[in-house]
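Welcome, and please have your viewer ready. We will go from one selection to the next and look at what sits around each.

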Amino acid sequence: MKISMVICRFKEELGWLQHIPKEINVYVFNKNKDDIAVENATVYNKCQNIGRESEVYLRYILQEYNNLPDIVIFTQGYPQEHNRNFNHLVYRMSKEGLDQDYYVLSSYWRDNEFPHPDIVKMYDGKVNYIETASRYTLCPLKHWDEGIKGVYHDYIRLHPEIKAGDDIINHFCRLIGLDDKDFGESHFFQFGYSGIFAVRKEAILKHPLNFYFNCYSLNNRNDTYGFFFEKIASYQYSLSFSSFPITSLTSYSEAIIYGMLRLAFPPSWIISINLDTHKENRINGNASDHFLIRIDFVRNDTSIEEMRLH
């Protein structure tokens, strides 16, 4: 079994590589101006600093398309900032292989920032974390993400043809020629933070080489596209956005409500949003769906309060 690790490095120290199994072939794409040498690694210095980490990932695929290893690990320069268990996961993979096409290797956007550690711990006790977000606003369901709000508005500016309520994920899939099997079937998508994941060779080869040329060209036009490639990696290399255990929330209305609340409320207030759908009989006897929205928020970082909306 052959495994390669592809690292997009800017200024990060790479001393952690000494703890990576020696049988893994390491490739470092250095986007900083300094020249570095890394023991037991192939280093490409003075790489152009464009396209975020997805530029490096797509470039590696284009270079090695006909000579891919069994498993490729893609990561930023300091993955431990995004998952304290990264080294453990890599070691286990080197011994046991990978039993699925795509595997998330991150837990956080950044350790101790978000998602809140309590949310990650609640995720079935696993050592990685898969986020669930709205296909219409990109907003995660369980916490505020100020950065993704900016990505959403940047993408809208790039594509003024998008209207309020449009499926943004489907729009991007159509842009790169990726079949969106979940379009019209789910109102949510899932992703791993920070573009840190492992993928099997067969999952990469399910797309023709020309697909990656087109992705590489688009990715380098604007950094916003790099964010989107991070978000759709699970779909690009797996069967669908719903290939992971998905939230039970499935209605269009619920997805829109989540997105609106995330965009409307100050991010420092919100701890979590819980939305329940229930049937209620009106005076005329007709049953209709109602939403009970509970927003837990904090004031002055001391007290958690609850607000209920009908």
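Select residues 168-176: why is helix H5 largely enclosed by the rest of the structure? Helix H5 is enclosed because 7 of its 9 residues are buried (under 20% relative accessible area, with exposed meaning over 50% and partly exposed in between; 1.4 Å probe, protein chains only). Helices here are DSSP runs of H or I with at least four residues, and strands are E runs of at least two, numbered from the N terminus.

Before moving on, a note on the model: it is predicted, local features need pLDDT of at least 70, side-chain atom pairs count only at pLDDT 80 or more, and totals for chains, interfaces and linings use all residues. Residues are numbered from 1 along each chain as its sequence is written, and side-chain values use heavy atoms, with hydrogens and water left out.

**Around H5**

Show the side chains of Ile-168, Ile-169, Asn-170, His-171, Phe-172, Cys-173 and Ile-176, the buried residues of H5. At the N-terminal end, pick Asp-167, which caps H5 with a side-chain oxygen 3.2 Å from the backbone nitrogen of Ile-169. Just past the helix, Gly-177 has a positive phi of about 75 degrees.

**On to H1**

Next, select helix H1, residues 52-64. Here 11 of the 13 residues are buried, so H1 too is largely enclosed by the rest of the structure. Zoom in on Glu-53, which lies in H1 and counts as buried at 7% relative accessibility. What is Glu-53 in contact with, leaving aside its neighbours within four places in sequence? Look for Cys-8, Gln-76, Ser-194, Gly-195 and Glu-230, where contact means heavy atoms within 4.5 Å.

**The strands**

Now colour E1 (residues 3-9), E2 (25-30) and E3 (41-44). Strands count as paired if DSSP finds at least two bridges between them. E1 and E2 pair in the parallel sense over 6 bridges, and E2 and E3 also run parallel, over 4 bridges. Click Val-28: Ile-7 is its bridge partner, and Val-43 in E3 stands opposite Val-28. Of the 6 residues of E2, 5 are buried, so this strand is largely enclosed by the rest of the structure.

**Last stop: Asn-40**

Finish in the loop between E2 and E3, at Asn-40. Is Asn-40 buried or exposed? With 58% relative accessibility, Asn-40 counts as exposed. Beyond its neighbours within four places in sequence, Asn-40 is in contact with Lys-22 and Val-26. Draw a C-alpha to C-alpha distance from Asn-40 to Asn-25: they are 15 residues apart in sequence and 7.9 Å apart in space.

Key
A polar contact is a pair of N or O atoms within 3.5 Å; within protein, one must be able to donate a hydrogen and the other to accept it, and residues adjacent in sequence count only if both atoms are side-chain atoms.
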